[in-house]
Amino acid sequence: MKQQEPAQILEQILEEVRSTDPVNVRTWFSDLTALSFSGGHLDIGCPDQTKVDYLNDHCLSVFTKAAQKITGFLVSVSFHSTRPIAAESSAFTASLDGLRLHPDYTFDNFVVGPCNRLAHASCIAVSQNPGTVYNPLFLYGSVGLGKTHLLHAVCHASRENNGDLSIRFLSCEQFVNGFISAIEQGRLADFQNQHRSVDVLIIDDIQFLREREQSQEEFFHTFNALYNNRRQIILTADCPPAQLPSLEERLISRFKWGLVARLDPPSYETRIAIVKKKAGLRGIHLPEGVAEMIAEHVQSNIREIEGALTVLYATARTVGQPITPELTRQALGIQQTAAQRTITMADIIEAVSREFDIRITDLQSKKRSQSITLPRQICMYLGRQLTRHSLEEIGGHLGGRDHSTVLHACTKIEEIFKTDEQIRLRIENLTRQLTQKQ
Ligand code: ADP
Ligand code: MG
């Protein structure tokens, strides 16, 4: 075989990876450089440690396979940071405690809309002035609305602003498990020291502290120690502090000392911007109208937008056609979008009233008996799924309920979906009736 230049090999590998693993391809792959190719080993350089971590976590095997295919040899591959060691903050990396920063989760890649403006602004403020402006910062919202993304963004930005800052970023489970094993191994003082000596402590999904009395106690003291030393604390949860059941009152009241910011589901316009942002990150070109279709199709959870993009991109490659609105409709199984747009709250309330044999006026009343509450929550859920009304508007059709009641109803119905097959079938049936009616 003719001796190939490392740079050429890398170029061909990237070409191959783009077709075999489009999900993990990023536009910044063009910054990768081939450092050397010798002794059956290819060294690939990348200017950023976070991206090297990403490559190791998501891309090692597909790059290796591609390298073997292209060279015809059992080549191995490794990724290296090409940034000078001194520029990487050792304090920062060492404190991440196994939780790796995702290179996509930066402020630049976060789309700001009315649904998340406060959360976003407060995260920026905190990353610029940790420990002084909002302490603690408490973010909450249901799953897939960008809480973890914002936490990673704070870490990225803090690292850029001040490389010496020590940040500890943990999931709540890591905190609890670390605490338990520290007790078992008689290393409690070490554990306490690790958490109480940092400049910024970030704990994701704090709702997992429920039912963990001893860990709560430990966290309470950690909180006080950090707070008294004006160190920054950032927490997230799936509900506001007051609704964290079985969390001690004294802990909850501390969460409210700083700023509590809610993340809401994004509006249609924000979703379009998110689709475009995610497509741009992967270098996928979406023609006119396609981002709108995806934004319309995926409503509740932003994580699903990425799933939809992946399916669309993979379908386009498989059938060897460019992405078009028609292909999008086929790939995502979107039917009757025109019809869906015209479903009204009145249609939904009428259908639910028939299905559950309840008067429309009861659905729109303040009554709280179980036989009415559930169908009313189903109306809210269907309103969210099938119309473009805002949460306030949906609540307005159902006896003037506020935005958080509607949100709560949607979460509740999604939970019921997991446990109650019968209700799920009834709701699916209602959805079918409503979407096929026109
Ligand atoms: P949560 O922690 O609230 O469950 P994540 O932070 O994991 O949600 O977000 C789920 C996905 O949605 C991630 O891929 C994230 O990048 C994306 N996402 C959420 N909100 C936004 C936004 N405003 N702009 C861009 N991407 C977003
Ligand atoms: Mg999360």
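Which strands does helix α2 (residues 49–58) lie across, and at about what angle to β3 does it run? The points below take this up along with other features of what is a predicted model.

1. Helix α2 lies across β2 and β3, and its direction is at about 160 degrees to that of β3.

2. Helix α3 (residues 60–71) lies across β1, β2 and β3. Its angle to β3 is about 130 degrees.

3. The sheet under discussion is open, has 3 strands in the order β1-β2-β3, and shows mixed pairing. The edge positions belong to β1 and β3 (76–81); each has a single partner strand, so one side of each lacks a neighbour in the sheet. On average, neighbouring strands of this sheet are turned by 20 degrees against each other, direction ignored.

4. The antiparallel part of the pairing is between strand β1 (residues 33–38) and strand β2 (residues 41–46), with 5 bridges. A34 has I44 in β2 as its bridge partner. The two strands make a hairpin, with 2 residues between them. In the turn, G39 has a positive phi of about 55 degrees.

5. The parallel part is between β2 and β3, which are joined by 6 bridges. Here C46 finds its bridge partner in S81 of β3.

6. Two packed helices are described by the angle between their axes and the distance between the axes. For helix α5 (residues 117–128) and helix α6 (residues 147–161), the axes come within 8 Å and cross at roughly 30 degrees. That crossing angle makes α5 roughly parallel to α6. The handedness of the α5 and α6 crossing is right-handed.

7. On the α5 side of this contact are A119, H120, C123, S127 and Q128; they meet L150, V154, A157, S158 and N161 of α6. By class, the contact residues of α5 with α6 comprise 5 nonpolar and 5 polar residues, with no charged ones.

8. As for the overall division, the protein is split into domain 1 (6–84), domain 2 (96–262), domain 3 (268–332) and domain 4 (345–435). The centres of domain 3 and domain 4, taken over C-alpha atoms, are 29 Å apart. Contact between domain 3 and domain 4 involves 4 residues of domain 3 and 5 residues of domain 4.

Technical notes: Residues are numbered from 1 along each chain as its sequence is written. Chains are lettered from A and ligands numbered from 1 in the order in which they are written. This is a predicted model: local features need pLDDT of at least 70, side-chain atom pairs count only at pLDDT 80 or more; totals for chains, interfaces and linings use all residues. Side-chain values use heavy atoms; hydrogens and water are left out. Two strands pair if DSSP finds at least two bridges between them. Helices (H or I, at least four residues) and strands (E, at least two) are DSSP runs, numbered from the N terminus. Axes are lines fitted to C-alpha atoms, for helices over the stretch in contact, and angles run from 0 to 180 degrees between N-to-C directions. Angles under 35 degrees count as roughly parallel, over 145 as roughly antiparallel, 65 to 115 as roughly perpendicular and the rest as oblique. A crossing is left-handed if the near helix is turned anticlockwise from the far one by less than a right angle, and right-handed if clockwise. Contact means heavy atoms within 4.5 Å. Ala, Val, Leu, Ile, Met, Phe, Trp, Tyr, Cys and Pro count as nonpolar, Asp, Glu, Lys and Arg as charged, and the others, Gly among them, as polar. Domain bounds come from an automatic or database domain assignment.
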